[in-house]
Amino acid sequence: VVAAEKPILEIPGTYRPGQSSSFAALSPDGRSVLIVKAGRLTIRPLESWEETELLPAASVATVGNEAWAAWAADGKSIYYFRMTGHPGITDLWRVGIASHKQVRLIENAGGVLTSKPQASPDGKSVVFFRGKTLMLAAADGHSERVLWSGDSSKWPDVAWSPDSSQILVPALSGGLLKLNLLTVATGQVRSLTAWRARIQSM
């Protein structure tokens, strides 16, 4: 007896012509997916169409056809952008999945069209851009400090090492996009080779 095949459910892409912008991301355990569409944030099991609304339409900042949200490392909450009264500037918020409680963590934490905040794998820190400056804060938004003052905010997103001790930071130098390896504890920066691909492929 051959078991019936389960249908493969589609995960929304970033943009389709003629449709509202959408964004999706898998949870850390790979069992759920978050979806942002028209500023509405929902989650659903990976193998189900049934969505649970966390935030209503127009809650999550959307610029043009771009939107963004990200799971916390423990999968219990989601980070997202909310617009401020200043064009192109957003605040970083977090919503609890069980409680639906919304908390503003960081003011002026970047923009939808620039490098996005990245939570560390150990769940203790968040790295984000404020203008051209790379900043580090605790997961609750407190204890902000400067990590990097090079101009890399408009380049691909930074990426944490698995042990949360280092961050890959792309920056333009001599007309080339280069990777820099930044040690979080000391602030030491080591320049790596030029990179001609998306940093997410590292």
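Ser27 sits in the loop that runs between β1 (22–26) and β2 (32–37), in a model that is predicted. Ser27 counts as buried because its relative accessible area is 7%, which is under the 20% cut-off.

**Surroundings of Ser27**
- The side chain of Ser27 makes a polar contact of 2.6 Å with the side chain of Asp29.
- When neighbours within four places in sequence are left aside, the residues in contact with Ser27 are Ser32 and Trp71.

**Pro45 and its contacts**
- Pro45 belongs to strand β3, which spans residues 40–45, and with a relative accessible area of 43% Pro45 is partly exposed.
- Although Pro45 and Ser32 are 13 residues apart along the chain, their C-alpha atoms are separated by 4.3 Å.
- Not counting residues up to four places away in sequence, Pro45 touches Arg31, Ser32 and Glu50.

**The four-stranded sheet**
- An open sheet is formed by four strands in the order β7-β8-β9-β10, and their pairing is antiparallel.
- The edges of this sheet are taken by β7 (69–71) and β10 (102–106), and because each of them has a single partner strand, one side of each is left without a neighbour in the sheet.
- From one strand to the next, the twist averages 30 degrees.
- Three bridges link β7 with strand β8 (residues 77–83) in the antiparallel sense, and Ala70 stands opposite Tyr79 in β8.

Key
Residues numbered from 1 in each chain as written. Predicted model: local features only at pLDDT ≥ 70, side-chain atom pairs only at ≥ 80, totals over all residues. Heavy atoms only, no water. Helix = DSSP H or I, 4+ residues; strand = E, 2+ residues; numbered from the N terminus. Buried < 20%, exposed > 50% of the residue type's maximum accessible area, 1.4 Å probe, protein only. Polar contact = N/O pair within 3.5 Å; in protein donor to acceptor, adjacent residues only side chain to side chain. Contact = heavy atoms within 4.5 Å. Pairing = 2+ DSSP bridges. Axes fitted to C-alpha atoms, helices over the stretch in contact; angles between N-to-C directions.
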